[in-house]
Amino acid sequence: MITPQAERALNCSAIDRSESQAASQPSGNDPPEIIAIDKATAIPPVPERVEVGNSPIYITGKKLSGKVYVGRRLGMPSGGYKGRNAIEVALKFVHRRSREGSCDPPYEWQVYQALNGCYGIPSVHYKGCQGDYYILVMDLLGPSLWNAWHSPGQEMSVLKVACIAIDAISILEKIHSKGFIHGDVKPENFLLGQPGSAQEKKLFLINFGLASNWKWKRGSSSMHVQYDQRLDIFRGTIRYASVHAHLGRTGSRRDDLESLAYSLIFLLRGSLPWQGCQGDNKSFLVCKKKMETSPEVLCSFCPAPFKHFLELVTTMKFDEEPKYEKLVSLFDDLIIGPVSRPIRIAGGLEVGHKRGRIVVNLEEDEQPMEKVRLGSPATQWISIYSARRNMTQRCHYNIADSRLHQHIQKGYEDGVFISCIASLKNVWTVIMDTGTGFSSQVFNLSRNFLQKDWIREQSEKNFYITAIAGATNGSSLVVMSKGTPYTQQSYKVSESFPYKWINKKWKEGFHVTCMGTAGNRWGVVTSRNTDYSYQAVELDFVYPSEGIHQRYGAGYRITSCAATPDQTAFIMSIAKESKTKPVDETFLTSDFPSKATKEQWAKGLYITSICHGRTAC
């Protein structure tokens with residue numbers, strides 16, 4: 001039985017929107033939306049008076065940002081009081097029914113407690129619950145970097161932004177040393193001290209509502225969190241989020257630093273190239289633009305250290321430890337004597353315990369950087385080879401529609417069946433072999449991408465979809481076979497990669513068994529009673545070599561791939577019963593790899609999946 005699941009998602013706007021990460025994400029400079037409350041339920045106003053954790057009574061005053069208000073201590077005479085005795089404090093409210101308030105108490109409290117006393121972190125004096133709110137009583141600070149940049153006459157000079165860079169790196173280094181990442185680094189979350197105070201030139205980082213751990217403690221040792229990619233999860237603010245955050249990858253230290261790079265460039269330039277992206281798929285468009293914008297273009301109006309900083313942090317590996325001292329040293333030549341510094345950078349000087357000057361030579365660094373954003377999108381053939389028992393395999397490529405039937409029928413006569421297919425520029429590639437285990441096979445070439453009526457007709461004859469591919473002009477080739485172990489199938493066509501749908505099918509006991517694309521549309525087929533126990537997705541705007549190797553280390557292997565001109569997706573699976581470690585090799589080639597394929601055959605490796613699409617930016 002084959003069930004088409006909204007196979008024409010483009011005609012069903014509700015389904016199409018559900019696949020868009022950006023639909024529920026913030027835009028512009030708004031703080032990330034982390035409140036998830038039924039719209040029919042009104043959020044009660046914040047308390048007019050606050051008294052938590054043996055604190056004095058505070059009167060709730062002016063709103064500073066989304067959930068932060070000024071609190072004025074009741075019955076306190078005027079004077080120069082500080083800390084717990086300050087007349088004015090910041091009150092942060094988190095509603096119990098918000099996503100952040102779903103933890104009891106909010107995770108942010110644990111982060112602030114662990115960071116207590118760290119350089120650049122405001123002090124929390126009291127915390128507790130009152131009515132429907134969790135409340136933090138904190139130091140009242142001055143304007144954010146966003147407000148300072150936006151204020152009339154407040155120019156963000158190169159010197160000032162360089163000082164911000166040094167101090168921000170130092171603050172992040174302290175946070176990371178405690179095992180946390182901030183998760184939402186942006187100008188709005190960096191605040192200066194109160195004007196007129198001794199701290200007015202000191203930088204602070206606030207709002208740890210999206211913070212998470214990058215390492216876990218196990219006894220006396222610690223371990224880096226495991227890599228994962230969940231395309232339905234986004235944390236941060238679209239404008240400044242790292243590419244890895246857009247793609248739903250587990251957060252690590254590199255993400256904070258990439259967000260800091262975008263923040264610094266924004267303060268210097270006044271805008272970022274992706275600010276004009278709009279629509280339900282805004283997150284996709286912004287991520288794509290970030291990947292396609294080379295550091296040379298993004299930093300064309302910035303001094304060289306900002307470009308070098310961006311290059312270093314965007315080429316970091318998932319579990320790589322940042323070289324904070326080296327990152328700070330990039331900006332040495334942009335700062336002058338301490339008397340004229342617009343931002344105090346005492347914290348920056350403490351990185352590496354009173355650092356000496358480090359000479360940074362990027363050309364002669366210990367390991368050359370592998371640039372991932374060249375500003376020149378490229379597409380290639382992606383061929384997956386796996387170890388199989390000795391068998392016959394044939395590769396037909398550059399086949400026009402008129403010759404397709406001839407090649408396939410000849411293969412059937414010789415006892416080989418189609419195992420995988422692909423398309424490039426409206427011509428077809430067909431891989432046929434004797435190792436499929438199929439007993440019978442039919443195929444259909446249609447002007448439509450996955451013709452529903454034909455698929456249903458063959459399904460009633462107990463054929464199951466085993467391969468699909470689409471051409472640029474929207475036509476498709478669908479292969480259905482008998483002799484599979486499948487007992488039920490479901491498929492979907494979508495304008496964007498349908499991760500949420502795939503995740504839903506996994507929970508229902510299905511696994512992805514083949515994928516294909518037509519232009520920018522995705523077709524995904526899931527089946528019941530497969531040979532897989534677990535699956536994961538790797539999706540990127542380039543060939544995701546790091547993610548694939550992380551999955552290999554966990555025992556996954558590539559079982560399906562598909563690509564559009566924008567993105568490449570891999571389904572990685574763990575077999576139910578695998579007596580030997582799978583052997584796989586992946587080739588990226590400009591032309592169809594006919595010579596390489598013959599060489600792989602000699603080693604007992606055969607093509608198990610193939611596609612053509614985006615591999616580089």
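The buried residues of helix 15 pack against helix 6, strand 24 (532-540), strand 25 and strand 26 (568-575); contact here means heavy atoms within 4.5 Å. Helices (H or I, at least four residues) and strands (E, at least two) are DSSP runs, numbered from the N terminus. Helix 15 itself spans residues 545-553, and Glu546, Gly547, Ile548 and Arg551 are its buried members, where buried stands for under 20% relative accessible area, exposed for over 50% and partly exposed for anything in between (1.4 Å probe, protein chains only). After this helix comes glycine 555, with a positive phi near 95°.

A word on the source: this is a predicted model, in which local features need pLDDT of at least 70 and side-chain atom pairs count only at pLDDT 80 or more, while totals for chains, interfaces and linings use all residues. Residues are numbered from 1 along each chain as its sequence is written, and side-chain values use heavy atoms, with hydrogens and water left out.

Taken as a whole, the protein has 16 helices and 28 strands. Of its 617 residues, 54% are buried. Among contacts with a separation of 6 or more, 71% are between residues 24 or more positions apart. Helix 9 (residues 304-314) has 8 of its 11 residues buried, so the rest of the structure largely encloses it. Phe306, Phe309 and Leu310 are among those buried residues, and their cover includes helix 4 (158-177), helix 6, helix 8 (295-298) and helix 10 (324-329).

Next come the rings. Rings of Phe, Tyr and Trp (its six-membered ring) pair if their centres lie within 6.5 Å, with planes under 30 degrees apart counted as stacked, over 60 as edge-to-face and the rest as tilted. That rule gives 22 aromatic pairs. In one of them, tyrosine 240 and phenylalanine 266 have ring centres 5.9 Å apart and planes at 85°, so they meet edge-to-face. Tyrosine 240 sits in the loop between strand 13 (221-224) and helix 5 (243-246), and phenylalanine 266 in helix 6 (residues 253-269), so the pair ties together parts 26 residues apart in sequence. Both of these residues, tyrosine 240 and phenylalanine 266, are buried. Tyrosine 385 and phenylalanine 587 also make an edge-to-face pair, because their ring centres are 5.3 Å apart and their planes lie at 70°. Here strand 14 holds tyrosine 385 and strand 27 (residues 584-589) holds phenylalanine 587, so the parts tied together are 202 residues apart in sequence. Tyrosine 385 is buried, at a relative accessible area of 0%, whereas phenylalanine 587 is partly exposed at 22%. Ring pairs also link Trp146, Trp149, Tyr240 and Phe266 into a cluster.

Charges turn up over rings too, meaning that NZ of Lys or CZ of Arg is within 6 Å of the ring centre and within 35 degrees of the ring normal. Arginine 253 places its charged end over the ring of tryptophan 214, 3.6 Å from the centre. Arginine 551, one of the buried residues of helix 15, lies over the face of tyrosine 556 at 5.8 Å from the ring centre.

Finally, there are the residues around the largest pocket. Strand 25 (557-563) is one of the strands that each supply at least two residues of its lining, and the largest share, 5 residues, comes from strand 25.
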